[in-house]
Amino acid sequence: MQFFLDTGNVDEIKQALEWGILDGVTTNPTLIAKTGRPFMEVVKEILQLVDGPVSLETVSRDAKGMVEEGRKLAELGDNVVVKIPMTPEGMIAVQELESEGIPTNVTLVFSPTQALIAAKAGATFVSPFIGRLDDVSSDGMKLIRDVKTIFDNYDFDTQIIVASVRHPMHVLEAALIGADICTMPFEVMKKLFQHPLTDKGIELFLKDWEKVPGKPF
């Protein structure tokens with residue numbers, strides 16, 4: 001499973017790249033607004049840092065506007081993926097952009113049928129939002145299981161990006177289901193490394209190391 005960061009913070013991206021586990025980035029106007037920096041400045045820096053897919057979001061609500069914005073975003077880099085909302089107008093835009101060779105990521109997906117529609121429209125990626133479903137007492141991971149089954153049934157090429165991830169268990173469950181990608185906040189990615197027994201083991205080894213005579217370093 002690929003790991004994407006859901007962020008607009010360049011420092012977080014740099015850290016994840018140093019760890020060697022970052023495959024791509026998803027971002028949106030909210031995340032970029034948190035940086036307090038100009039949109040184009042942030043986006044260009046992210047595109048220079050990341051070799052993998054970088055999802056950038058359109059803001060128009062009509063298909064024509066989405067396509068125009070998508071074309072402009074695609075000009076920023078070969079790895080740009082255009083985020084399109086799950087609406088009828090959005091699916092018109094997806095078909096047009098994909099026909100021009102511009103990859104798309106259908107976002108704000110909350111049901112298996114929405115994901116099915118996105119795949120039928122030819123989207124490169126689809127982003128089911130699991131955390132927001134959990135917030136309203138729905139089973140977010142069941143959505144991922146259902147979408148994975150549907151896509152496998154019909155051999156759709158559309159890749160599943162598990163989005164709105166809140167904690168490491170979401171990442172684990174997504175991997176067990178076989179989702180293609182999990183996009184997560186930086187804090188969740190950091191927690192994937194952590195286990196109290198690892199910390200305890202390191203502390204014990206270091207204490208024992210101090211007792212070893214003739215240490216080479």
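Q: How do I read contacts, and which residues does Met184 touch, not counting residues up to four places away in sequence?
A: Contact means heavy atoms within 4.5 Å. Here Met184 touches Phe3, Phe4, Leu5, Asp6, Val165, Val171, Met189 and Leu192, with residues up to four places away in sequence not counted. Met184 sits in strand S8. Keep in mind that this is a predicted model: local features need pLDDT of at least 70, side-chain atom pairs count only at pLDDT 80 or more, and totals for chains, interfaces and linings use all residues. Residues are numbered from 1 along each chain as its sequence is written, and side-chain values use heavy atoms, with hydrogens and water left out.

Q: How are helices and strands assigned, and how many does the chain have?
A: They are DSSP runs, numbered from the N terminus: H or I over at least four residues for helices, E over at least two for strands. This chain has 11 helices and 8 strands. Its C-alpha trace spans about 75 × 40 × 30 Å along the principal axes.

Q: Is Met184 buried or exposed?
A: Buried means under 20% relative accessible area, exposed over 50%, partly exposed in between (1.4 Å probe, protein chains only). Met184 has a relative accessible area of 0%, so it is buried. Across the chain, 44% of the 217 residues count as buried.

Q: What share of the contacts with a separation of 6 or more comes from residues 24 or more positions apart?
A: Such pairs account for 56% of those contacts in the chain.

Q: Which residue does the UniProt annotation "active site" cover?
A: Read such labels with care: UniProt positions are given in the numbering used here, feature names are shortened, and annotations may be inferred rather than shown by experiment. The unreviewed entry places "active site" on Lys83. Lys83 lies in strand S4 (residues 80–85). Its relative accessibility is 5%, so Lys83 counts as buried. Leaving aside neighbours within four places in sequence, Lys83 is in contact with Thr27, Asn28, Ser55, Leu56, Glu57, Thr58, Asn105 and Thr107.

Q: Which residues of helix H9 are buried, and where do they lie around the axis?
A: In H9 (residues 168–177) the buried residues are His170, Val171, Ala174 and Ile177. They cover an arc of only 130 degrees around the axis, so they are on the same side of H9. The arc is that of the directions from the helix axis to the C-beta atoms. These buried residues pack against several elements, including strand S1 (2–6), helix H8 (140–154) and strand S8 (181–184). After H9 comes Gly178, with a positive phi near 100 degrees.

Q: How do I read a helix pair, and at what angle do H8 and H9 pack?
A: Axes are lines fitted to C-alpha atoms, for helices over the stretch in contact, and angles run from 0 to 180 degrees between N-to-C directions. H8 and H9 pack at about 20 degrees, with axes 10 Å apart. Angles under 35 degrees count as roughly parallel. H8 and H9 are therefore roughly parallel to each other. The contact is made by Met141, Ile144, Arg145 and Lys148 of H8 and His170, Glu173, Ala174 and Ile177 of H9.

Q: At what angle do H5 and H6 pack?
A: Helix H5 (residues 88–99) and helix H6 (residues 112–121) pack at about 30 degrees, with axes 9 Å apart. H5 is therefore roughly parallel to H6. Met91, Val94 and Gln95 of H5 meet Ile117, Ala118 and Ala121 of H6.

Note on methods:
Parallel < 35°, antiparallel > 145°, perpendicular 65-115°, else oblique.
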